[in-house]
Amino acid sequence: MPLARGREFLSIPGPTNVPEVVLRSMHRPAVDIYADDLLETTQQCLQDLKAVFRTEGSTYIYIANGHGAWEAALTNTLSRGDRVLVLESGRFAKGWGEQGDMLGLAVEILHGDWRRAVDPAAVEARLKADATHAIKAILVVQIDTASGVVNDIPAIRSAMDAASHPALLMVDGIASIGCMPFEMDRWGVDVAVTCSQKGLMMTPGLSFVGAGTRAKVAHATAGLRTAYWDWTARDLPENYRKFCGTAPEHMLFGLRTALELLFEEGLENAWARHVALADAVQAAVAVWAEQGALAFNILEPAERSAAVTTILTPGFDPERLRDFTRENLGVVLGSGIGELTGMAFRIAHMGYANAPMVLGTLGATEVALRALGLPHGKGGLEAATAALARHFAPAA
Ligand SMILES: *Cc1c(COP(=O)(O)O)cnc(C)c1O
């Protein structure tokens with residue numbers, strides 16, 4: 001007898017749970033593209049995105065998913081034949097590089113390890129070797145959603161500075177912005193990209209780019225510019241230009257509400273909530289892993305992200321676990337992707353998530369591990385509750 005009736009727990013790293021209040025704010029008739037409410041909402045969203053990116057630079061809203069924002073970042077700043085250095089640390093930075101390849105960029109991958117963060121010393125060494133400054137941009141993800149790693153963006157910036165290298169620093173913050181600190185201006189990030197359906201609690205379909213001064217300078221001579229993504233056109237005052245056509249009206253109303261929710265909580269508080277929920281998940285996984293049939297993908301605890309945890313399953317087929325929790329318990333766990341396809345599952349703790357959602361997901365996972373007779377250390381849920389209790393009473 002399945003126990004899946006009731007609220008489905010979507011525990012995948014995007015799309016994430018969309019708050020009811022956000023959904024309700026989208027449920028309205030279409031409005032005139034010149035309606036005051038729409039124009040104000042657009043301005044407000046563009047302004048609020050500066051607060052999210054922590055930048056005084058320009059912000060852009062694209063009717064596109066994260067892959068669109070990647071293309072916007074590259075086409076607005078680079079020219080055919082330009083060399084870009086991709087810092088590998090899982091699936092996503094490489095995917096961004098593959099896009100660059102199709103655009104005619106010379107893509108070089110600084111190979112990394114799927115179980116570790118990017119090594120800033122390796123970045124510094126590679127940049128020091130680039131005496132002619134052939135490398136025009138560095139592409140890196142802050143959180144790689146496939147491996148579950150968090151990369152140290154300020155340390156990568158320091159490595160670039162130590163090499164006195166002028167490449168643009170482009171950061172994919174799709175799985176991290178809203179979930180952990182991101183300081184575009186303070187960290188010297190030139191282009192930042194994110195999208196709606198992960199930490200920002202909105203439906204999929206919008207993505208966002210922040211562009212700093214150096215990126216705007218590069219834009220002036222970029223050869224890859226195309227009409228749809230072009231920043232210059234989108235900087236014009238008419239609202240119509242900001243979307244290269246009709247605005248995604250309902251999504252803007254939804255985004256405005258989602259960003260209001262985020263600011264109501266406070267960005268710093270949202271980051272702290274993600275840390276607490278990640279601690280609970282990672283405490284449970286550490287216990288389950290005691291028997292060796294499961295393991296953290298990311299070896300170094302400090303390199304495990306606050307938004308998603310990737311769990312290797314050398315002792316069993318992870319799809320058995322995922323099928324069981326989905327069909328019988330109403331919990332949708334993330335699958336392993338990229339090189340970890342069929343070898344891992346993922347638990348997201350990202351966006352609109354709270355303690356019962358995380359405990360429910362962990363509880364269901366533990367039920368499935370027991371019911372399927374999969375070897376695991378006992379007491380994962382207990383460790384998770386203890387981690388959450390410590391969050392409120394650190395001395396206890
Ligand atoms: C989800 C994700 C993407 C891709 O976003 P889409 O909206 O699916 O195109 C890119 N980078 C990271 C880090 C992601 O988590």
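**A close look around E88**

A: Setting aside neighbours within four places in sequence, E88 is in contact (heavy atoms within 4.5 Å) with K94, I109, L110, H111, G112, W114, V118 and E339. Before going further, some housekeeping: this is a predicted model, where local features need pLDDT of at least 70, side-chain atom pairs count only at pLDDT 80 or more, and totals for chains, interfaces and linings use all residues. Numbering starts from 1 along each chain as its sequence is written, and side-chain values use heavy atoms, leaving out hydrogens and water.

Back to E88, which sits in the loop between β3 (83-87) and α4 (92-102). E88 counts as buried because its relative accessible area is 5%; buried means under 20%, exposed over 50%, and partly exposed in between, using a 1.4 Å probe and protein chains only. From E88 to V141 there are 53 residues in sequence and 8.6 Å in space, C-alpha to C-alpha.

D172 belongs to strand β8 (residues 168-172), and it is buried, at 3% relative accessible area. Leave out neighbours within four places in sequence, and the contacts of D172 are W70, F92, W96, V140, V141, Q142, I143 and V193.

What about D119, by contrast? D119 lies in the loop between β4 (106-110) and α5 (120-129), and its relative accessibility of 43% is why it counts as partly exposed. D119 and G178 are 59 residues apart in sequence, and their C-alpha atoms are 24 Å apart in space.

Now the packing. A nonpolar core here is a set of buried Ala, Val, Leu, Ile, Met, Phe, Trp, Tyr and Cys residues joined through side-chain atoms within 4.5 Å. The largest one has 50 residues, and I61, L87, I138, L169, F182 and V189 touch the most other members. Helix α10 (residues 249-265) is the top contributor to this core, giving eight residues. The core also takes at least three residues from each of domain 1 (9-16 + 266-391) and domain 2 (31-263); those bounds come from an automatic or database domain assignment. Zooming in on L169, and not counting residues up to four places away in sequence, it touches I138, V140, I153, I156, R157, M160, G188, V189, D190 and V191. A separate core of 37 residues lies apart from this one, with A69, A93, A137 and L168 among its members.

On the contact side, 32 residues of domain 1 meet 33 residues of domain 2.

There's a void to mention too. A cavity is a set of points, on a 1 Å grid over the protein atoms alone, where a 1.4 Å probe fits but cannot get out; lining residues have an atom within 4 Å of a point. Counting those of 30 Å³ or more gives one cavity. The largest cavity has a volume of about 110 Å³, volume being the space filled by probe spheres set on the points, which are joined across faces, edges and corners. Its lining has 13 residues, with L10, S11, N17, A348 and A353 nearest the centre. At least two lining residues come from each of β1 (9-11), β14 (344-348) and α13 (355-371).

Most residues other than glycine have a negative phi, and most peptide bonds are trans. The G14 to P15 bond is cis, with omega near -5 degrees, and P15 lies in the loop between β1 and α1 (20-26). M201 is not a glycine, yet its phi is positive, about 65 degrees. M201 is in the loop between β9 (191-195) and β10 (206-211), and is buried at 3% relative accessible area. S164 has a positive phi too, near 45 degrees, but counts as exposed, at 55% relative accessibility.

Note on methods:
On a 1 Å grid over the protein atoms alone, a cavity is a set of points where a 1.4 Å probe fits but cannot get out, and a pocket is an open set with protein on both sides within 12 Å along at least five of seven lines; lining residues have an atom within 4 Å of a point. Helices (H or I, at least four residues) and strands (E, at least two) are DSSP runs, numbered from the N terminus.
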